[in-house]
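Visitor: Can you walk me through this one? Keep it short, please.

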Amino acid sequence: MIGGTRYFGKLLVQRLLNAGHQVTIATRGITPDPFGARIARIRVDRRNEHAMRTAFAGTGGYDIVYDQMCYSPLDAAIAVKVFAGKVKRYIVASTIDVYRDLLGRQDAPFAEDDINMLAQPIDTRYPWHDTRLATQSYVMGKIQAEAYLYRDGSLPLVTVRIGHVLAGAEDFTGRLAHYVDLVRQHAPLRYANAAAASSFMSAQGTSNFLLWAGAQDFLGPVNAACDGALSAFDLYQRIGMLLEVPVRALPVKPPVPAGELSPFDYPAPYMMDTARAAQLGYRFGHSDDWLDHLILQHDLAFV
């Protein structure tokens, strides 16, 4: 696993170990992990091609590589050069954000073939590894990473397009905490479209799906999202009801760019179709199964 020391990557490592697999994580060695002698470790900068080639030169290959850190076409190119011919399945943690350019263009949830990855432009001259540009380049980086890998075709590739991942107190993104803080501070929510629901996953649910996907033999893109999509307005209202705090929401006239008002605020519905996962035999749960528990964790942190 490239990554694996935080968020759903860490949960996935634990699940793999519990299932009896031998696990190696490849990281820069900066973030500690809790796995002790149960895993092997390779210390390497995933963005350094020479370091990656050197680190994996002596390996005979892997049944699965889980790539949690493929953020650009440059990262994708490194993956091809290092792992082509050395892995039975290459599973990339991708994102709902590969559909961002389709936002507002169709009413139906986005299916895997709604975006033609082979037709996407690839810009290898852009400074993808400039950390100052990490946020603004994230969406296009993930799109172009997938585009590069599918266009190259030399890896037995799965790209898991994951809905917005929510977690408890360990969530470093601060996105769910943003809404809990708004409610606790009695601050109003400014929103673009109360009906613009988006797809979500819990960190636990994400690691469960990735574990399951690793045990299958399908290839290609697959959407991963729970039932029970919510808009920013829905989420804010739900937190208010759960915490028994009166809330106030203020509509903002369009046009409003996606995410400008709050992390999950969109001008149009932004949901994924999970029919392919269902056809492959996987059933996602509902956000009702876990969302309130996570909200309460963030509320405790606020107090």
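Guide: First, a term: axes are lines fitted to C-alpha atoms, for helices over the stretch in contact, and angles run from 0 to 180 degrees between N-to-C directions. Helices (H or I, at least four residues) and strands (E, at least two) are DSSP runs, numbered from the N terminus. This is a predicted model, where local features need pLDDT of at least 70, side-chain atom pairs count only at pLDDT 80 or more, and totals for chains, interfaces and linings use all residues. Residues are numbered from 1 along each chain as its sequence is written, and side-chain values use heavy atoms, without hydrogens or water.

Visitor: OK. At what angle do H1 and H6 pack?

Guide: About 50°, with the axes 8 Å apart. H1 spans residues 7–18, and H6 covers residues 203–214. That makes the pair oblique; under 35 degrees is roughly parallel, over 145 roughly antiparallel, 65 to 115 roughly perpendicular, and the rest oblique.

Visitor: Which residues of H1 meet H6?

Guide: Phe-8, Leu-11, Leu-12, Arg-15 and Leu-16. On the H6 side, they meet Ala-203, Gln-204, Thr-206, Ser-207, Asn-208, Leu-210 and Leu-211. Contact means heavy atoms within 4.5 Å. By class, the H1–H6 contact has seven nonpolar, four polar and one charged residue. Nonpolar means Ala, Val, Leu, Ile, Met, Phe, Trp, Tyr, Cys or Pro; charged means Asp, Glu, Lys or Arg; the others, Gly among them, are polar.

Visitor: What about phi of Tyr-7?

Guide: Near 60°. That is a positive value in a residue other than glycine. Tyr-7 sits in H1.

Visitor: Now H3 and H4. How far apart are their axes?

Guide: 7 Å, at an angle of about 30°. H3 is residues 73–83, and H4 is residues 138–152. H3 and H4 are therefore roughly parallel. Their crossing is right-handed.

Visitor: Which residues meet there, in H3 and in H4?

Guide: From H3, Pro-73, Ala-76, Ala-77 and Val-80. From H4, Gly-141, Gln-144, Ala-145, Tyr-148, Leu-149 and Asp-152. The H3–H4 contact splits into seven nonpolar, two polar and one charged residue.

Visitor: And H2 with H3? At roughly what angle do they cross?

Guide: Roughly 25°, and the axes come within 10 Å. H2 is residues 49–56. That makes H2 roughly parallel to H3, and this crossing is right-handed. Glu-49, Met-52, Arg-53 and Phe-56 of H2 contact Ile-78, Lys-81, Val-82 and Phe-83 of H3. The contact of H2 with H3 has five nonpolar, no polar and three charged residues.

Visitor: Switching to the strands. In what order do the four strands of the open sheet come?

Guide: E3-E4-E5-E9, with parallel pairing. Two strands pair if DSSP finds at least two bridges between them. E3 and E9 (220–224) are the edge strands, each with a single partner, so one side of each has no neighbour in the sheet. Neighbouring strands of this sheet are turned by 20° against each other on average, direction ignored.

Visitor: How many bridges join E3 to E4?

Guide: Five. E3 is residues 62–67, and E4 is residues 87–95. Tyr-62 has Val-87 of E4 as its bridge partner. Asp-67 is bridged to Val-92 of E4.

Visitor: What do E3, H3 and E4 make together?

Guide: A right-handed β-α-β unit. With the strands pointing away from the viewer, the path from the first strand over the helix to the second runs clockwise.

Visitor: Last one. Is the peptide bond from Pro-254 to Pro-255 cis or trans?

Guide: Cis, with omega near 0°. Pro-255 lies in the loop between E10 (249–251) and H8 (275–280).

Technical notes
Left-handed = near helix turned anticlockwise from the far one by under 90°.
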